[in-house]
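Here are some friendly notes to read alongside the model. Take the points one at a time, and keep the 3D view open as you go.

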Amino acid sequence: MSVNKQALDSDSTTDVGDITDTEEELVKECEEIWKDMEEYQNKLSLIGTKTLTDSNAQLSLLIMQVKCLTAELRQWQKETPEIIPLTEDVLVTLAKEEFQKLRHDLEMVLSTIQSKNEKLKENLERIFNELKTKMLNIREYKKKLLITLGEFLEDHFPLPDGNVKKKKKNIQEPTAQLITLHEMLEILINRLFDVPHDPYVKISDSFWPPYIELLLRNGIALRHPEDPTRIRLEAFHQ
């Protein structure tokens, strides 16, 4: 290789120094191995010229390999390593390689996240559709139940007849139009499901008192513990 005659910066000088130290250590190790090999060879020569056994043959091959490696090392010592200068083009090339690697890694991560998001989206949509179907079924069942309940209540619990004589003279005429028992229960049911944290309903003049007492006496409705003018439907579903 040709010797680079240009001046090297401080980093390049440090790298050359490290390479020189490493070469010196290798030379020392090879010289020590070579001394050992020569010592073993001298001992073998004292034994006499006998047929080489397998172990002696291997030893001879090792000695030859050491000589070759030593000669090659000395040849490398005579040459100066060519150091690629860190020019702007080299830095740009290295930066592009690192950027491409980083981009590839980020694309892999993004692909994994997108795949997980798609699965999560599918699961959420499936759960949402199941809940939607259940809600529709519940609303349909509630509608049928209210219709059946309304028919039963209208037959057995009609509104009071205004022509019926009052048993007590001190009973006042209602100031508001009375609602049916079915309508009262529907108000209480809607309040219970729409505002479960505050299911109480204010008793209005349209609530016929006998129907209120009927609901309270049979445990269908409950009074507010602090406000007797408010009632709620018993939560039978809990």
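1. Let us begin with a definition: two strands are said to pair if DSSP finds at least two bridges between them. In this predicted model, β2 and β3 (residues 230–233) meet that condition, since three bridges link them in the antiparallel sense. As background, strands of a sheet pair through backbone hydrogen bonds, either parallel or antiparallel.

2. Now for the overall plan. The protein has five helices and three strands, and along the sequence they follow the pattern α-α-α-α-β-α-β-β. Of the 238 residues, 18% are buried. Take the contacts between residues at least 6 apart in sequence: 63% of them join residues at least 24 apart.

3. In what order do the three strands stand in the sheet? The order is β1-β3-β2, in an open sheet with antiparallel pairing. β1 (201–202) and β2 (221–223) are at the edges, and each has a single partner strand, so one side of each lacks a neighbour in the sheet.

4. You can trace the pairing residue by residue. A hairpin of six residues joins β2 to β3.

5. Helix α4 (residues 181–194) lies across β1 and β3, and its direction is at about 75 degrees to β3. Helix α5 (residues 209–217) also packs on the sheet, where it touches β2 and β3 and makes an angle of about 100 degrees with β2.

6. Which residues of α5 are buried? They are Y211, I212, L214, L215 and L216. The cover over these buried residues of α5 includes α4, β2 and β3. An α-helix has 3.6 residues a turn, so residues three or four places apart point the same way. With that in mind, find Y211 and L215 among the buried residues of α5. Just after α5 comes G219, which takes a positive phi of about 75 degrees.

7. Helix α4 has a helical partner too. Helix α3 (residues 88–156) packs against α4 at an angle of about 150 degrees, and their axes are 9 Å apart. An angle over 145 degrees counts as roughly antiparallel, and α3 and α4 are therefore roughly antiparallel to each other. Their crossing is right-handed.

8. Which residues make this contact between α3 and α4? From α3 come K142, L146, L149, G150 and L153, and these meet L181, H182, L185, E186, I189 and N190 of α4. Sorted by class, the contact of α3 with α4 has six nonpolar, three polar and two charged residues.

9. Finally, turn to an earlier part of the chain. Q77 belongs to helix α2 (residues 54–77). Is Q77 buried or partly exposed? Its relative accessible area is 35%, so Q77 is partly exposed. Q77 and E24 are 53 residues apart along the chain, and their C-alpha atoms are separated by 9.1 Å.

Technical notes: Residues are numbered from 1 along each chain as its sequence is written. This is a predicted model: local features need pLDDT of at least 70, side-chain atom pairs count only at pLDDT 80 or more; totals for chains, interfaces and linings use all residues. Side-chain values use heavy atoms; hydrogens and water are left out. Helices (H or I, at least four residues) and strands (E, at least two) are DSSP runs, numbered from the N terminus. Contact means heavy atoms within 4.5 Å. Axes are lines fitted to C-alpha atoms, for helices over the stretch in contact, and angles run from 0 to 180 degrees between N-to-C directions. Angles under 35 degrees count as roughly parallel, over 145 as roughly antiparallel, 65 to 115 as roughly perpendicular and the rest as oblique. A crossing is left-handed if the near helix is turned anticlockwise from the far one by less than a right angle, and right-handed if clockwise. Ala, Val, Leu, Ile, Met, Phe, Trp, Tyr, Cys and Pro count as nonpolar, Asp, Glu, Lys and Arg as charged, and the others, Gly among them, as polar. Buried means under 20% relative accessible area, exposed over 50%, partly exposed in between (1.4 Å probe, protein chains only).
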